[in-house]
Amino acid sequence: MAQKTVLRKPKGFMDVYKHKPGTEKDRTHYCPGCGHGILHKLIAEALEDFAVIDKTILISPVGCSVFAYYYFDTGNFQAAHGRAPAVGTAVSRANPDSIVISYQGDGDLAAIGGNNILQAANRGENMVVFFVNNAIYGMTGGQMAPTTLEGQKTTTTPYGRNPLSDGYPMQMCELLNQLTAPVYITRTSLHDMANIRKTRQAVRKAIRYASEKKGFSFVEVLSMCPSGWKMDAVRAQQWIKEKMIPRFPLMVLRDNAENTGPIERPVPVLDPEEVKKVLGYDTFETTGFKKRPGTMFRKVALRVAGFGGQGIMSTGIALANVGMKYGYNVSWLPSYGPEMRGGTANCSVKIQEDSIGAAECTEPNMVIAMNQPSLEKFEKLLVPDGILIYNSTLIDVEPSRKDIRVCPVPITGIADELGDTRVQSMVSVGAFAAVTGMFDPEEIKSLMPTLFAGKSEKVRKLNEEAVQKGYDHVKRNF
Ligand SMILES: Cc1ncc(C[n+]2csc(CCOP(=O)(O)OP(=O)(O)O)c2C)c(N)n1
């Protein structure tokens, strides 16, 4: 009996493509003769045949295939340009039983995302990457891509790509083949039926490997772009055969997962107690420090700012550490200027009873300004009634706000008197303790072995003195 042929869309596709609310389409947005649609279909068929549609998550790139999420009836993400392998990494790690597909063009993968793909491949992430090489940026109107051929005219190489100014076409399969981790690397083409069939085999093998958790597969597919190449569809197919294949030979570069088992990735230890032990942290349980009743602050949002080299980051880290020992929730977020020493630097510190949302203090209730530019910049951000501690050794202007509380402390001068400018950060910590009443100077001093682990007794002692001097200065004067 003659078999009945049913022509229908594979189930890996949506029934209807809803681009925008109210717009229902039965076809894709791809140009006639484009290869994306063919590859989409091969993938959708494989997902149906292997019955893995529900466990597949497809990461769409930026490029002509940006709308892949309108077509595939899988889980979908749309990544920033070139970042699909990084997003795919997160998805794959968080859902180890899923099949993750990163679908990318040559501009996306080899240009802006060049490092992303190398790193994901090098880690051997369990995912399939379909790399559509059409030798051009299709979506944006036909600019040169890393894979553009020598002599090929594009909108940005109107006289043809010249390797001396534009570099050579990048062979991504060959490049990735230098790495140890990938298990399957192959290059196929879509320019005729025989090659579409070979691509079909490659697609199926790569998806099977991902479902068997074999690791990283990379399938490069040479694909027609009649619009970008300014050719009709038939000529575009010929162009692949005549021009692209000599530069991008079709071959299996690596296939070594057929007889290997699934990859077992170590799961990170997330037990907070274990982490504390590994890092050697004391906690408020071990220090026995008690939050001090009646302190004026329950919610410190502090900006410490000054020149690089003034101990700005150390001040912030020390305060966050001390806060942690009292059982507060803390965060520390650095922000560096373009250079380290001599440049401007600031950090945000939160020390709070409640859980912390954003770590950046955009509306600080306290500022420690170590130099004049920092005073000018951060005084403005203080909330009304906020506290400004400023380094009166180096700042000789008066703060202009009248609705804040001001506390000048000769931080650099005190440190210099102690014989080492570097202890400025501990002077600031002492001043902070006195202003807020949150920390006891003796208790801070008892933390020196933790805060200055590995440093000499002399250094610890000097920093203890610095804490005390900063504390005493504020207590005496305010
Ligand atoms: C960060 C960023 N930079 C640039 C762009 C503009 N842009 C959109 S698609 C694209 C190139 C896509 O080319 P390709 O990856 O080869 O895919 P094709 O469109 O050819 O399938 C560029 C540069 C963007 N959207 N985002």
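Trainee: Does R204 count as buried or exposed in this predicted model?
Mentor: In this predicted model, R204 has its place in helix α8, which covers residues 193-211. The cut-off for a buried residue is under 20% relative accessible area. Because the relative accessibility of R204 is 14%, the residue counts as buried.

Trainee: Leaving aside its neighbours within four places in sequence, which residues is R204 in contact with?
Mentor: Contact here means heavy atoms within 4.5 Å, and neighbours of R204 within four places in sequence are left aside. With that rule applied, the residues in contact with R204 are E45, A46, D49 and F50.

Trainee: Where does T295 lie, and is T295 buried or exposed?
Mentor: T295 lies in the loop between α12, residues 284-287, and β10, residues 299-307. Leaving aside neighbours within four places in sequence, T295 is in contact with Y328, T436, G437 and M438. As its relative accessibility is 12%, T295 counts as buried.

Trainee: What distance separates the C-alpha atoms of T295 and V435?
Mentor: Along the chain, T295 and V435 are 140 residues apart.

Trainee: What distance separates the C-alpha atoms of Q178 and L149?
Mentor: Q178 lies in the loop between α7 (172-176) and β7 (184-189), and at 65% relative accessibility Q178 counts as exposed. The side chain of Q178 reaches the backbone oxygen of E174 at 3.4 Å. Q178 and L149 are 29 residues apart along the chain, and the separation of their C-alpha atoms is 22 Å.

Trainee: Which residues are the closest to the ligand?
Mentor: The ligand is surrounded by 16 residues, and these divide into six nonpolar, eight polar and two charged. Helix α4, residues 106-112, gives the most to this shell, with four residues. The closest of the surrounding residues are C64, D106, G107, D108 and G138.

Trainee: What share of the ligand's exposed area does the protein bury?
Mentor: An oxygen atom of the ligand is 2.4 Å from an N or O atom in the side chain of D106, while a ligand oxygen is 2.8 Å from a polar backbone atom of C64, and a ligand oxygen is 2.9 Å from a polar backbone atom of M139. Taken alone, the ligand exposes 590 Å², and the share of this that the protein buries is 72%.

Trainee: At roughly what angle do the axes of helix α3 and helix α5 cross?
Mentor: Residues P85, A86, T89 and R93 of α3 meet N116, I117, A120 and R123 of α5. The residues of this contact divide into four nonpolar, two polar and two charged. The axes of α3 (residues 84-94) and α5 (residues 114-123) come within 8 Å, and their crossing angle is roughly 30 degrees.

Trainee: What is the phi of A135 near, and is the value positive or negative?
Mentor: Most residues other than glycine have a negative phi. A135 is found in the loop between β6 (127-133) and α6 (163-166), and at 0% relative accessibility A135 counts as buried. The phi of A135, a residue other than glycine, is positive and near 60 degrees.

Trainee: What is the relative accessible area of D385?
Mentor: D385 lies in the loop between α14 (372-379) and β14 (387-391). Although D385 is not a glycine, its phi is positive, at about 75 degrees. D385 is partly exposed, and its relative accessible area is 48%.

Conventions:
Residues are numbered from 1 along each chain as its sequence is written. This is a predicted model: local features need pLDDT of at least 70, side-chain atom pairs count only at pLDDT 80 or more; totals for chains, interfaces and linings use all residues. Side-chain values use heavy atoms; hydrogens and water are left out. A residue is near a molecule or strand if one of its heavy atoms lies within 4 Å of it. A polar contact is a pair of N or O atoms within 3.5 Å; within protein, one must be able to donate a hydrogen and the other to accept it, and residues adjacent in sequence count only if both atoms are side-chain atoms. Accessible areas come from the Shrake-Rupley method with a 1.4 Å probe; for residues, only the protein chains shown count as cover. Helices (H or I, at least four residues) and strands (E, at least two) are DSSP runs, numbered from the N terminus. Ala, Val, Leu, Ile, Met, Phe, Trp, Tyr, Cys and Pro count as nonpolar, Asp, Glu, Lys and Arg as charged, and the others, Gly among them, as polar. Axes are lines fitted to C-alpha atoms, for helices over the stretch in contact, and angles run from 0 to 180 degrees between N-to-C directions. Buried means under 20% relative accessible area, exposed over 50%, partly exposed in between (1.4 Å probe, protein chains only).
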